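User: Could you walk me through this model? I have a few quick things to ask.

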Amino acid sequence: MSNTCKTSVVLRHGFVKTLCLSAGLCLLIAPATGAFAETHLLPQPRELHLSGKIDTPEKVEVRVPGHDAEDEFAARTITKEAPVSGKQGYPVTILRADSSKAHDILSEEKLTFAPEMTDQGYILVIRTKEAFIIGSTSAGVFYGAQTLRQLLTTSDPQSGLPTGTIRDWPAMKYRGMDDDLSRGPVPTLEFQKHQIEIFASVKMNIYSPYIEHTLAYDKAPMAAPRGGALTRADVAELVKFATQYHVTVVPEQEAFGHLHHVLKYELYKDDAETPHGFVLAPGQSGTLPLIHDWFTQIAEEFPSPFIHIGADETFDLGLGRTKDQVQKNGLGPTYVQFLASIDKELAPLHRRLLFWGDIGGSDPKAVAGLPKDMIAIPWVYDPEKSYDQYIKPFADNGIETWVAPGVANWNLVYPDNSISLPNIQGFARDGQRLGSTGLLTTVWNDDGDGLFNEDWYGVLFTSAAGWQPGEASIPAYKAVYGPILHEDFSGKINQAQEELIAANAVFGKAKVDMNSNDLFWMDPWSAEGQVISTKLRPYNSELREHAERAVVLLTEVRTANPHLKEMAAVEAMDLGARRLDLIGMKFQYGDEMQHFYATVYKRQHDMDHSSVLDNSLYAISSNNGRCQDLRDAYSAIKDQYREVWLAENRPYWLGNVMVRFDLEMQRWQQRGYAFATVIRSFDNNKGLPPAETFGMPAVEAAQ
């Protein structure tokens, strides 16, 4: 036996395992070091063997000897150019695993293409003078191409491109996200395409648009909003685009609950559980025909093997038309019976039906009555030690599951990623262990003003959690986020995300049991605002400092790197930081103005200090007054918000958000006018009215 062996760094499941120095000495290494310390990959490959490095090629030429159209498309995702046959740059060859050339390469590298790799797995071989991407399927080839693309674009230029081999395949077959298109923002077709490109680049393969009323139905056109609904042409173009990226568009049309924007119309009054309510009533003569018409058109437009029927949060069930049935049979059995009838009604469409798995938590015994061909999606959006209780009711009854965590974006001015990341991590981990085949991370826009470009930090962790086996590392993910999405190697985008996490954490420290979006629109002088003000008072400065540091970091990185990728997402981060800062500013300034006025009111007859008192009043309302500061802040953020919205969404619904900014601007403008009148009166030696006259709560004057 030789006294030495080839030096190699080996990563398995995202961790470096061994560094062989001699026949009798192998060291356990924790982090990658040296040339491999800046290898940014998302998701982390299952097996990564790095043995050296070369200068990062200035030009790459990709060859596809088999001339498969899908493989040629994968080649273009690396170079943006058509595959070539001549040697003009660093050569990369795409091979199918059953080709003789692939057999030769695998034999030389002593690698095997295992059966579990067949559907989506790949092998990447990077040598000094050439590289090979080997896959059994077009999907596997595509994912190998994405790994090489990441290595080419995110490797530390000083360290170069690592050489070695990667052997990789996913832990979960389906990895994707569910995007709310029904509660305000409806993305443009171009932005949906852009979403799909990014999902595919990190090996996510499901995009599920959530629809309550925003799909244009031929036989039921009333509910679809003008300018805010997907048309047949939109869907056809979207599906065609997604297919080449190996992303399946899984339509979700609510078929039970969450249907107020349909049932508010008189045409559907006989189908509603309660008048103009939220839930379709089981047993009504028009209910199943309506579902049949909707999903027949969906099946025509979407070639997906799956259709998602929603069926979550059916809170009205048993309160109206089904009251007697629910009292007789129980809520759970009534719910299950209707899902079974939907399954039977849609059976001719030959699609697997997905549904939200609320019933697993609310009535586990009723799960046994569900059709076994359906796929349950239990959803939980908080970090928990174990998610077994949500998955097992279905798994124990032989029902396939996907699991659905959330990005914690709803009702917040910026997502709380201290919640979303451990939620995604834990749910994916337990789902894998209990046999879940899919991970579907959710984005919700309950407040009507959610911005997807703020959500990428949570969304892209789906890639790591669903592809990598076991529990994906949050610190490892945080380290690669900036380089992967933005090609930012300064670390400043990652630092800005940490500042935003810290800013959101302030609300927990202050024990504010309220969503930040509510705080953003709240009047600090209202009765509710005064309660919040008391809680936030010790923390406003901390909140603002974190938010402002995020703005500074983002400004620095944009200035230093004008070619930063996904600049619209950086702008959305900046907007989120400024909205958090304004929350702190508003409650700070509300306090300051109350104390300014209390001091002047108490000492209004002290003419020896009239100039000091004037200054206190001018601090409330003047060119530099707090009222004007708040008006100006809402005005500036309104303009920025509009730009961020239109970078991803259709104009539909935007007016419903803009009016809220207008009302806040008017609030502080009107208060500024009112205080200006008080100042003029004071200057004319007239008395001051009580603070309550202006809607300002009275406080004790400072001594």
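**Buried residues, cores and a pocket**

Analyst: Phe 682 counts as buried, at 7% relative accessibility, where buried means under 20% relative accessible area, exposed over 50% and partly exposed in between, with a 1.4 Å probe and protein chains only. This is a predicted model, in which local features need pLDDT of at least 70 and side-chain atom pairs count only at pLDDT 80 or more, while totals for chains, interfaces and linings use all residues. Residues are numbered from 1 along each chain as its sequence is written, and side-chain values use heavy atoms, with hydrogens and water left out.

User: Where does Phe 682 lie, and what is it in contact with?
Analyst: Phe 682 lies in helix 23, residues 654-683; helices (H or I, at least four residues) and strands (E, at least two) are DSSP runs numbered from the N terminus. Leaving aside neighbours within four places in sequence, Phe 682 is in contact (heavy atoms within 4.5 Å) with Val 600, Gln 604, Ser 610, Leu 613, Asp 614, Leu 617 and Leu 688. Phe 682 and Leu 617 are 65 residues apart along the chain, and their C-alpha atoms are separated by 9.3 Å.

User: Is Ala 376 buried or exposed?
Analyst: Ala 376 is buried, with a relative accessible area of 0%, and its place is in strand 16, residues 375-377. Not counting residues up to four places away in sequence, Ala 376 touches Phe 355, Phe 394, Ile 399, Glu 400, Thr 401 and Trp 402.

User: Switching topic, which residues touch the most other members of the largest nonpolar core?
Analyst: In that core of 188 residues they are Phe 295, Ile 309, Phe 355, Trp 456, Val 459, Leu 460 and Tyr 597; a nonpolar core is a set of buried Ala, Val, Leu, Ile, Met, Phe, Trp, Tyr and Cys residues joined through side-chain atoms within 4.5 Å. Helix 20 (residues 567-602) gives the largest share of this core, 15 residues. A second, separate core has 15 residues, including Phe 306, Ile 375, Tyr 381 and Trp 402.

User: And what does Leu 460 contact, leaving aside its neighbours within four places in sequence?
Analyst: Leu 460 is in contact with Leu 42, Ile 198, Val 202, Met 204, Tyr 477, Tyr 481 and Leu 485.

User: How much space lies in the largest pocket?
Analyst: About 750 Å³, where a volume is the space filled by probe spheres set on grid points joined across faces, edges and corners. On a 1 Å grid over the protein atoms alone, a cavity is a set of points where a 1.4 Å probe fits but cannot get out, whereas a pocket is an open set with protein on both sides within 12 Å along at least five of seven lines, and lining residues have an atom within 4 Å of a point. Of the 30 residues that line the largest pocket, Thr 77, Lys 80, Arg 149, Thr 153 and Glu 487 are the closest to its centre.

User: Which element gives the largest share of that lining?
Analyst: Helix 3 does, with seven residues; the elements that give two or more are helix 1 (69-79), helix 3 (138-154), helix 4 (189-201) and helix 15 (474-486).

User: What about the chain as a whole?
Analyst: The chain has 23 helices and 18 strands, and 58% of its 703 residues count as buried. Along its principal axes the C-alpha trace spans about 100 × 70 × 45 Å.
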